[in-house]
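Here is a short report on a two-chain model. Look at the structure first, then read on.

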Amino acid sequence: MADVAMTMTPVRRAPLDGLAGDPRARWAVPMARFSLRLPEAAIGAASASLGLDLAGPINNVAEREGCAILRLGPDEWLVLANDADSAAIAAALDRGMPDRRFSLVDIGHRQTGIVLDGADAADMLSAGCPLDLDLAAFPVGMATRTIFAKAEIVLWRTAPTRFHIEVWGSFAPYVWALLKEIGREYPVMENTP
Amino acid sequence: MLLITCPFCGQRPEIEFAYGGEAHIARAADPRATSDEAWTEYLYVRGNARGLHAERWRHIRGCGRFFNALRDTVTDHFVATYKMGEARPDRTEGKQP
């Protein structure tokens, strides 16, 4: 455990503090973020350690209460978890995989989350994202790295009209402001739940 | 928008990808034993094919993986994409888009 434990508390910046945004966009609650890389042979052991199936299709999400693991590529996962659980995740992998055939990097200080929630969420994102965001092509539970205008993002559909956007801290104000700008085309409905 | 089929992620828009040069160019196992001519060939000389061209692409704004593609350089049509390490598909003709 000693050599995988965090040696310092990562600095959490607040890139969106005080910036006006679109009413449908909100800053995601602070959470632990890890980049997990491991070879195919180690997927089973890692799944057992974390209690989530990592072997699912690429660009899909495995989820349980307080923890979501987004498969971004054949050997790359993005772990989003409750802030309080970050040490537990590292410890679980360390315990369950004694051969250490994985890399777990804390990227909590690097990126931040934006939640876009509204009937027009997919249309708003389509203003900057080249993917087909139709519910049939990009269903709930799909997540992928892609681009939004000039920023690289990780896009995860958490509900038919709700998206979670992961973006690097330095790009967050840009994405935030662009969503506000795009939002002017889509009036906020007062009666939407 | 041109769609490119990533072997891992499926069809994705072109702007998520980066070009990586001609494919299947192997670095000499022992560069010190390689003649200057052969090393120059490896470093600088490319086929510049008109028609079918095997080339490397990277899905940099997606899964991040490199893969190989067969593309017709005249029509910009992607005939096939395949994973790194796999043999070049047996195609001799590109297709008009």
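What is the mean pLDDT of chain B, and what percentage of its residues reach 70 or more? The mean is 93, and 96% of the residues of chain B reach 70 or more. Here pLDDT is the predictor's confidence in each residue, from 0 to 100.

## Model and conventions

This is a predicted model: local features need pLDDT of at least 70, side-chain atom pairs count only at pLDDT 80 or more, and totals for chains, interfaces and linings use all residues. Residues are numbered from 1 along each chain as its sequence is written, while chains are lettered from A and ligands numbered from 1 in the order in which they are written.

The model scores ipTM 0.86 and pTM 0.89. Where pLDDT is low, the predicted coordinates should not be read in detail.

In chain A, 5 strands form an open sheet in the order β3-β4-β5-β2-β6, with antiparallel pairing. The twist averages 20° from one strand to the next. Strands (E, at least two residues) and helices (H or I, at least four) are DSSP runs, numbered from the N terminus. Two strands pair if DSSP finds at least two bridges between them. Angles run from 0 to 180 degrees between N-to-C directions, and axes are lines fitted to C-alpha atoms, for helices over the stretch in contact.

β3(A) is joined by 4 bridges to β4 (residues 67-73) of chain A, and the two run antiparallel. A:V61 stands opposite A:L70 in β4(A).

## Sheet β1-β7-β10-β9-β8

Another 5 strands of chain A form an open sheet, in the order β1-β7-β10-β9-β8, and the pairing is antiparallel. β1 (25-27) and β8 of chain A are the edge strands; each pairs on one side only. Here the twist averages 30° from one strand to the next.

Helix α4 (residues 172-183) of chain A packs on this sheet. The helix touches β1, β7 (111-117), β8, β9 and β10 of chain A, and its direction makes about 15° with that of β7(A). Within the sheet, 6 bridges join β9 (residues 151-159) to β10 (residues 162-168) of chain A. A:A159 stands opposite A:R162 in β10(A).

## Interface with chain B

13 residues of chain A are in contact with 11 residues of chain B. Contact means C-beta atoms, placed from the backbone, within 7 Å. On the chain A side, β4 and β8 (143-148) each supply at least two residues. β8(A) gives the most, with 4 residues.

This side of chain A divides into 6 nonpolar, 4 polar and 3 charged residues. Ala, Val, Leu, Ile, Met, Phe, Trp, Tyr, Cys and Pro count as nonpolar, Asp, Glu, Lys and Arg as charged, and the others, Gly among them, as polar.

Terms used
Two residues are in contact if their C-beta atoms, placed from the backbone, lie within 7 Å.
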